Amino acid sequence: PRETTDVVIIGSGGAGLAAAVSARDAGVKVVLLEKEPVPGGNTKLAAGGMNAAETKPQAKLGIQDKKETMIEDTMKGGRNINNPELVKVLANNSSDSIDWLTSLGADMNDVGRMGGASVNRSHRPTGGAGVGAHVAQVLWDAAVARDTDIRLNSRVVRILEDQSGKVTGVLVQGAYTGYYVIKADAVVVATGGFAKNNERVAKYDAKLKGFKATNHPGATGDGLDVATQAGAQTVDLEYVQAHPTYSPVGGVMITEAVRGNGAILVNREGKRFVNEITTRDKASAAILAQKGESAYLVFDDSVRKSLSKIEGYVHLKIVNEGKTVKDLADKLGMPAAELEKTLASYNGFVKSGKDEQFERADMPRELATAPFYAMEVAPAVHHTMGGVKIDTKAEVMGKDGKQVKGMYAAGEVTGGVHGANRLGGNAISDIVTFGRIAGAEAAKYAKDN
Ligand code: ADP
């Protein structure tokens with residue numbers, strides 16, 4: 001006998017788990033399938049924050065923001081090729097998504113700055129701990145509390161359809177159970193991106209050939225193939241983002257929040273070379289243009305104290321420490337006089353509120369408290385902007401331009417929300433908001449069919 005359910009969700013990252021919670025709350029049966037032995041996908045690695053505008057945590061901190069400004073920043077960061085309707089959904093629901101996560105037990109009360117944002121709107125747990133692991137855990141707990149049928153080691157290899165192209169279920173390859181079919185009225189594709197698949201990345205962007213990636217091993221793109229085989233249309237696949245600050249020594253991504261909280265980028269000559277909080281595409285290109293194709297994140301003890309994530313980097317022994325700026329420069333083999341000059345002039349900009357060199361808009365603190373620190377950083381493949389084409393209800397669009405009946409998608413597997421370049425903090429916002437929508441819409445469709 002074939003198994004039957006209402007909604008199948010593919011992928012246990014933030015998008016899949018959010019979809020599971022909202023579908024269960026809509027009263028339908030859900031089976032969630034995850035190919036990896038551990039849940040959480042790339043979501044659990046997300047270190048920055050969740051962008052949202054006009055939120056309660058912002059109000060508490062006296063931050064003035066507008067949904068309209070979040071839309072403008074997101075479009076500008078995406079070089080204006082984003083689907084504006086999807087961007088509106090992202091921004092207009094963002095505050096509500098913060099409330100929703102909070103109602104499920106999340107702490108999103110710390111608000112910081114990420115690249116390309118004109119105000120502080122990146123929400124994260126108090127003390128600046130990793131937002132992705134926290135959100136993934138909260139959503140996992142919520143899905144489990146709602147008796148969601150979650151299966152790990154279970155890869156979806158086909159979305160099944162009837163002759164009219166309407167979704168009828170999935171073919172699963174269980175790592176220990178073999179192939180089996182689950183019949184379902186609706187399927188939510190929440191399988192993430194393909195940044196860990198360098199062959200595929202290089203096919204779309206040859207410059208990224210051989211690059212390291214910040215992603216979890218499951219970010220290979222097989223879910224995208226499953227969706228396109230079942231008729232989904234794709235958009236913007238050629239846009240692949242490098243994260244500017246990956247530690248080649250530690251093999252880990254250094255969160256953008258280190259810069260957001262005040263660190264600067266300097267090259268081997270001890271000089272700044274870019275507005276550190278510009279968008280990721282521009283920061284990555286600027287680093288690659290420096291001698292050695294890498295740079296140093298330089299900060300002081302006040303930045304370290306502002307962000308608990310930095311303690312992890314210290315334990316990984318990827319943070320160089322100097323008792324003075326000169327001591328730090330000597331350890332890095334950098335001209336000390338230049339680094340001293342760079343910090344002095346940057347601190348002057350912090351005081352005057354105007355970065356006369358690179359027009360960095362937000363300079364939260366002077367870098368003047370010893371000890372001083374530096375981490376070597378270089379770009380690594382981070383996010384794939386393109387993917388399955390969806391509408392504002394997370395319905396998947398077919399190659400014929402019509403909706404694929406019963407197929408929904410959310411998160412990094414989709415394209416259009418981020419255009420040519422995703423802003424830091426918009427991935428978590430994307431997966432929570434569109435995951436919720438996909439789950440609710442799939443549930444509604446399943447009830448009606
Ligand atoms: P998002 O941020 O969009 O939620 P994530 O990368 O966090 O994306 O999560 C996607 C999840 O989907 C990962 O855990 C990944 O292992 C899983 N996944 C990808 N392809 C498949 C597949 N074919 N079947 C089941 N799970 C898949």
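Q: In which sense do strand 15 (residues 320–322) and strand 16 pair?
A: The structure is a predicted model, in which local features require pLDDT of at least 70 and side-chain atom pairs pLDDT 80 or more, while totals for chains, interfaces and linings use all residues. Residues are numbered from 1 along each chain as its sequence is written, and side-chain values use heavy atoms, without hydrogens and water. Helices (H or I, at least four residues) and strands (E, at least two) are DSSP runs numbered from the N terminus, and two strands pair if DSSP finds at least two bridges between them. Strand 15 and strand 16 are joined over three bridges, and the sense of their pairing is antiparallel.

Q: Which residue of strand 16 stands opposite Gly322?
A: Strands of a sheet pair through backbone hydrogen bonds, either parallel or antiparallel. Strand 14 (residues 295–300) runs antiparallel to strand 16, with six bridges joining the two, and there Asp300 has Phe372 opposite it. For Gly322, the residue opposite in strand 16 is Phe372.

Q: How many of the residues of strand 16 are buried?
A: Buried means under 20% relative accessible area, exposed over 50%, and partly exposed in between (1.4 Å probe, protein chains only). Across the protein chain of 449 residues, 59% count as buried. Strand 16, which covers residues 372–384, is mostly covered, and its buried residues number 13 of 13.

Q: With which side chain does the side chain of Asp362 make a polar contact?
A: Asp362 is placed in the loop between helix 14 (336–352) and strand 16, and it counts as buried because its relative accessibility is 15%. A polar contact is a pair of N or O atoms within 3.5 Å; within protein, one must be able to donate a hydrogen and the other to accept it, and residues adjacent in sequence count only if both atoms are side-chain atoms. At 3.4 Å, the partner of the Asp362 side chain is that of Arg113.

Q: Which element gives the most residues to the shell around the ligand?
A: The ligand is surrounded by 26 residues, the closest being Ala15, Glu34, Thr43, Val156 and Glu412; a residue is near a molecule or strand if one of its heavy atoms lies within 4 Å of it. Between a backbone N or O atom of Val156 and a nitrogen atom of the ligand the separation is 3.0 Å. Two or more residues come from each of helix 1 (14–25), strand 7 (154–161) and helix 8 (222–229). With three residues, the element that gives the most is strand 7.

Q: How many residues of the shell around the ligand are charged?
A: Ala, Val, Leu, Ile, Met, Phe, Trp, Tyr, Cys and Pro count as nonpolar, Asp, Glu, Lys and Arg as charged, and the others, Gly among them, as polar. The shell holds six nonpolar and 14 polar residues, and its charged residues number six.

Q: What percentage of the area that the ligand exposes when taken alone does the protein bury?
A: An N or O atom in the side chain of Glu34 is 2.6 Å from an oxygen atom of the ligand, and a polar side-chain atom of Thr43 is also 2.6 Å from an oxygen atom of the ligand. Accessible areas come from the Shrake-Rupley method with a 1.4 Å probe; for residues, only the protein chains shown count as cover. Of the 580 Å² that the ligand exposes alone, the protein buries 98%.

Q: What is the radius of gyration of the protein chain?
A: The protein chain has 15 helices and 20 strands, and its C-alpha trace spans about 75 × 45 × 35 Å along the principal axes. The radius of gyration is taken over C-alpha atoms, and the globule rule is 2.2 Å times the number of residues to the power 0.38. For 449 residues a compact globule would have a value near 22 Å, which agrees with that of the protein chain, 22 Å.
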